[in-house]
Amino acid sequence: MTRRRAVLLVRIAVLAGLTATLEICCRTGLIDPLIVIPPSEMVASMIDRVGSGELDESIVNTFSTIALAFVLAIGCGTLAGALVHRSSRLRDVVDPLLASYYSVPTFIFYPLLVALLGLGKAPLVVLGVLSGAPAVMISTLSGLDSVSPVLLKLARVHRLSPARTLWWIVLPAALPRLFSGFKLALSYALIGVIAGEFILSGTGLGFAISFAYQSFDNRAMYGLMLFVLLIAVTANGILYVWEGRLARRRSTG
Amino acid sequence: MSDAAVSEPSHVALSGVVRQYEGPPAVHALGPIDLTIPRGEFFSVVGPSGCGKSTLLDVLCGLARPTSGSVKFEGSELHGEVPDGIGVVFQEDASMPWLSVRQNVAFGLRTSGLPEKEVAERVDHAVSFMGLAQFSDHYPAQLSGGMRQRVCIARTLVLRPRLILLDEPFGALDQQTRLLMGDELLRLWRETGATVLLITHALDEAAMLSDRVGVMSARPGRFIDMVETGWPRDRDSRVVSNPEFGTVTARLWSSLREESLKTMGRAA
């Protein structure tokens, strides 16, 4: 516990030190404020922007899109993973494709998605799902692989129905691996959606950042960037803490 | 107990049981086996590795159907399902890492439909019977291998099985722990009055614990010898110092030696 706390303190100190250095560099003119504004200004700008209410619609839009993409990625990924796991032949076909999937820059399909689905939420959701679902699928496969055969035998000894076997044995046994897929899916959905908004969209936070950038409004751009960063870190942090709580039971100590 | 023994001479009865795995190549894993185990007996099975001991256990509890022949438990034939009254303890660690010791033990009764109070009582009893009372809120990862195996035995115990099947349950444990676990198994057997079938590769374990030991041949597994030990019911691991113990172990080994050599030769 003390070790964990010490690590946490050092981590915070490193981040604080870097932020302070940036602040000093910007204030003393070592870094041109036209290029990077001081972190304190970023915070002030973020509070201005978000507090003004002009971004409310964008925020709701972006995060509902991310949430939808995340949930769909988990649903599709888990289902696809479970289906592939049932058939060893299908597995042989799919495994190498999955392994090389992330070498494909999914973004190049975005113009195609826009052409097919229009400029609304749909292409962004699809992009988010395309980025996140394969990670969930991979982790589902490895999670199902990790269920020990003796536990499945146990289920038969206790005459559990297939649904109960899934719910009481397979899911909890596979959960740690599933969880790492969920964490990746969240990050990928977030990246996919915001980057999509950045490239070709008329709404959302990604668009707002891109718009500020193109109109040389550095103050607004950094404020928004900080906001997106904070949300991403917080969302991941919540999953991280939750996962840690699950994992602590299963480890010694 | 004695009344039941009179009215029902065999608790478990196998007749002409054969188990083949479809190929290619087809494997004749087991049998033919004829075996009757009277109610309340402590019966052990020893045999060379790969002789079909675990297949025998699967067939005995209904996890696998025999290719031919019949398996009867308490007079009724098994049909590919584990019947009520049979508890199984596996060789591998079958504790569930996401459940505490108490929850693991209670898992056995999750589908029983018993009232909560009765479940709690049975779980308490099984947990303290297996010496786990202090650890009831621990998770398996915090326990040693022997303790985890106790959790699995306790989970079987709450079901109040009349037949307990154990597939090399102490195989992964060190010798001292095995001797002590053997004592606990004997105590459990005495106090529950259950019939016990223990599969083991350790001749001394079989000789020390059992009323009767069946020696199996190399694959396809058949019984080639039956050895009555003649120990009193209230025995414990100290029978190893009984001069008879050496005689029993020696006889088991002389029956088994040739069969073990066969499997070695086959493997080489």
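Hi everyone, and thanks for coming. Before we look around, please keep in mind that this is a predicted model, where local features need pLDDT of at least 70, side-chain atom pairs count only at pLDDT 80 or more, and totals for chains, interfaces and linings use all residues. As for names, residues are numbered from 1 along each chain as its sequence is written, while chains are lettered from A and ligands numbered from 1 in the order in which they are written.

Let's start with chain A. Its secondary structure comes to ten helices and zero strands. Helices here are DSSP runs of H or I with at least four residues, strands are runs of E with at least two, and both are numbered from the N terminus. The C-alpha atoms of chain A fill a box of roughly 70 × 55 × 30 Å along the principal axes.

Now look at H8(A), residues 162-200, and H10(A), residues 218-250. They pack at an angle of about 175°, and their axes are 10 Å apart. An axis is a line fitted to C-alpha atoms, for helices over the stretch in contact, and angles run from 0 to 180 degrees between N-to-C directions. That makes H8(A) roughly antiparallel to H10(A). For these words, under 35 degrees counts as roughly parallel, over 145 as roughly antiparallel, 65 to 115 as roughly perpendicular, and the rest as oblique.

Which residues of H8(A) meet H10(A)? Among them are Leu175(A), Phe179(A), Phe182(A) and Leu186(A), and the residues they face in H10(A) include Val228(A), Ala232(A) and Leu239(A). Residues are in contact if their C-beta atoms, placed from the backbone, lie within 7 Å. Nonpolar covers Ala, Val, Leu, Ile, Met, Phe, Trp, Tyr, Cys and Pro; charged covers Asp, Glu, Lys and Arg; the others, Gly among them, are polar.

H10(A) has another partner, H9(A), residues 204-214; the two axes come within 8 Å and cross at roughly 155°. That makes H9(A) roughly antiparallel to H10(A). The crossing is left-handed, meaning that the near helix is turned anticlockwise from the far one by less than a right angle, whereas clockwise would be right-handed. On the H9(A) side you'll find Leu205(A), Ala208(A), Ile209(A), Ala212(A) and Tyr213(A), which meet Ala220(A), Met221(A), Leu224(A), Met225(A) and Val228(A) of H10(A). This contact has ten nonpolar residues, with no polar and no charged ones.

One more pair in chain A: H5(A), residues 110-117, packs against H8(A) at about 80°, with the axes 11 Å apart. The two helices are therefore roughly perpendicular. Tyr110(A), Pro111(A) and Val114(A) of H5(A) make the contact with Gly196(A), Ile199(A) and Leu200(A) of H8(A).

Over to chain B. Its domain assignment gives domain 1 (2-85 + 161-267) and domain 2 (96-159); such bounds come from an automatic or database assignment. The contact between them takes eight residues from domain 1 and five from domain 2. The centres of these two domains, taken over C-alpha atoms, are 25 Å apart.

Next, the sheets. Strands of a sheet pair through backbone hydrogen bonds, either parallel or antiparallel. Here, two strands pair if DSSP finds at least two bridges between them.

One open sheet of chain B has six strands, in the order E6-E7-E8-E3-E9-E10, with mixed pairing. E6 (86-89) and E10 (223-228) stand at the edges with a single partner strand each, so one side of each has no neighbour in the sheet. Inside this sheet, E3(B) and E8(B) run parallel and are joined by four bridges. What is the bridge partner of Val45(B) in E8(B)? That residue is Ile199(B).

Chain B also has an open sheet of four strands, ordered E2-E1-E4-E5, with antiparallel pairing. Its edge strands are E2 (27-37) and E5 (76-77). E1(B) and E4(B) are joined by five bridges, and Ala13(B) stands opposite Lys72(B) in E4(B). Helix H2 (residues 53-61) of chain B lies across E1, E2 and E4, running at about 120° to E1(B).

Finally, where the chains meet, 16 residues of chain B are in contact with 15 residues of chain A. The chain B side has eleven nonpolar, three polar and two charged residues.

Key
Contact = placed C-beta atoms within 7 Å.
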